[in-house]
Protein chains: 2
Amino acid sequence: MNDRTTFNDSSAPDELLSPLLDYLARRLRAEAEADLRPFSLKIRHVVALTVLRDLGERAQSQMSEALGMDATGIVALLNDLESQGLIERRRAAQDRRRHNVLITDAGCRRLAEVHRAIAGLEQRMFGLTGQESTALYQLLQKATASAAGGPAESVAGEDFPH
Amino acid sequence: MNDRTTFNDSSAPDELLSPLLDYLARRLRAEAEADLRPFSLKIRHVVALTVLRDLGERAQSQMSEALGMDATGIVALLNDLESQGLIERRRAAQDRRRHNVLITDAGCRRLAEVHRAIAGLEQRMFGLTGQESTALYQLLQKATASAAGGPAESVAGEDFPH
DNA sequence: TATTGTTATACTCTATAACTATA
DNA sequence: TATAGTTATAGAGTATAACAATA
């Protein structure tokens, strides 16, 4: 049964979030390309490194879940990072089918550099104050935790970095 | 929350916004696909229709700028919408090179339906309260206005819907 | 038989370059 | 010559399907 009235009144603002998210993500990827070229990385590499730094060693299947990406995409992503020595793949002893992935020291250092570059880009591009930026981060964080739980549920999972 | 107040107002938070935006936009596109399939539309069609509804008649070159997309992408986008009768292209009398684009009545009706579908998806997916959702909208709105002005400037332009 | 990771492949999204018609 | 739109094409980005190794 559909409860349309509560739905409209209690929650959503008049306008949609999706067009803004779509727009900002597209612009971001385009702008970040230039800043990340010296590192031979793309935004999704940064996402993957961030997850590995914050969550530690993970199986590739868990990476796939945490990043909301297909497993086949993860393979290519990790290949890029491994060829630069930023991550390591290790056969898991308990289950030899599994490749455990972890960030290397070089990966951590690289991530820190990239982090500074992207932070600068965000500041220039979004023009938000520190407070606004923090508030936005927290809201996106909450939305992400919810989205990571599944499309129809609001399960705040530990699937994404804080 | 720890000593967050020690941050000066101009500094960014410790963590990056970009990975979250990238993640959410990717998930959103994937999830919205199912909801939008009955309409034969994608998220970017919704963005385009929203812009046309809010800003009125526009040249294609202006659409390109407003959407932050290459002009060639706009052509295919508008072809899709025109073939469904949701928008119209008219030769501009003053400058016959130009195609002015405007949303049709059918387009407005379709957009309203789609709007409801996406709003429901956002609520299920992001699990935000009405207040949070509104706050997030306003922050994304501000970031979008800034980003529309250019990568290095904070010019709040009239380029994107309010 | 089911699961982890991989390869091969195709489809979607976006950008670059060349063409047309107007100015 | 320059600009608005279009076409053709190529390149990312992501997903689907079949396969190998292991459980």
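A patch of positive charge on the surface brings together A:Arg29, A:Lys42, A:Arg44 and B:Arg29. A patch is built from residues with over 30% relative accessible area and no salt bridge, with like charges joined within 9 Å and nonpolar side chains (Val, Leu, Ile, Met, Phe, Trp, Tyr) within 5 Å. Lys and Arg count as positive and Asp and Glu as negative, while His and the chain ends are not counted. Each charge is placed at NZ of Lys, CZ of Arg, CG of Asp or CD of Glu. Accessible areas follow the Shrake-Rupley method with a 1.4 Å probe, and for residues only the protein chains shown count as cover.

The model is predicted, so local features need pLDDT of at least 70 and side-chain atom pairs count only at pLDDT 80 or more, while totals for chains, interfaces and linings use all residues. Residues are numbered from 1 along each chain as its sequence is written, chains are lettered from A and ligands numbered from 1 in the order in which they are written, and side-chain values use heavy atoms, leaving out hydrogens and water.

Chain A holds 7 helices and 3 strands, where helices (H or I, at least four residues) and strands (E, at least two) are DSSP runs numbered from the N terminus. Along the sequence, these elements of chain A follow the pattern α-α-α-β-α-α-β-β-α-α. Of its 162 residues, 47% count as buried; buried means under 20% relative accessible area, exposed over 50%, and partly exposed in between (1.4 Å probe, protein chains only).

Helix α2 of chain A is largely enclosed by the rest of the structure, because 14 of its 19 residues are buried. At 1.5 Å a residue, α2(A) should span 27 Å, and its end C-alpha atoms are 26 Å apart, which agrees. The expected span is 1.5 Å times one less than the number of residues in the helix.

The loop between α2 (18–36) and α3 (43–55) of chain A contains A:Lys42, a member of the positive patch. A:Lys42 is partly exposed, at 42% relative accessibility. A:Ser40 lies in the loop between α2 and α3 of chain A as well. Its phi is near 55°, a positive value in a residue other than glycine, and A:Ser40 counts as exposed at 53% relative accessibility.

In chain B, B:Ser40 lies in the loop between α1 (18–36) and α2. Phi of B:Ser40 is near 55°, again positive in a residue other than glycine, and the residue is exposed, with a relative accessible area of 52%. Helix α2 of chain B (residues 43–55) has 13 residues and should span 18 Å at 1.5 Å a residue; its end C-alpha atoms are 18 Å apart, in agreement. Among the buried residues of α2(B) are B:Ile43, B:His45, B:Val46 and B:Leu52. Just after this helix, B:Gly56 takes a positive phi of about 80°.

Charged pairs come next. A salt bridge is a side-chain nitrogen of Lys or Arg within 4 Å of a carboxyl oxygen of Asp or Glu, and the count over all chains comes to 20. One of them joins B:Glu15 and A:Arg53, whose closest N and O atoms are 3.5 Å apart. This pair crosses between chains, from the segment before α1 of chain B to helix α3 of chain A. A:Arg53 is partly exposed, with a relative accessible area of 32%. A:Glu15, B:Arg53 and B:Asp54 are linked in a network of salt bridges.

A:Glu132 and B:Lys142 also meet through their side chains, at 2.8 Å from N to O. A:Glu132 lies in helix α7 (residues 130–149) of chain A and B:Lys142 in helix α6 (residues 130–149) of chain B, so the pair joins two chains. B:Lys142 is partly exposed, with a relative accessible area of 33%.

Another salt bridge sits within chain B, between B:Glu31 and B:Arg27, with the closest N and O atoms 3.4 Å apart. These two residues are separated by about one helical turn, because they are 4 residues apart in helix α1 of chain B. B:Glu31 is buried at 19% relative accessibility, and B:Arg27 is buried at 10%.

Finally, B:Thr104 is placed in the loop between β3 (99–103) and α5 (105–126) of chain B. B:Thr104 counts as buried, at 12% relative accessibility.
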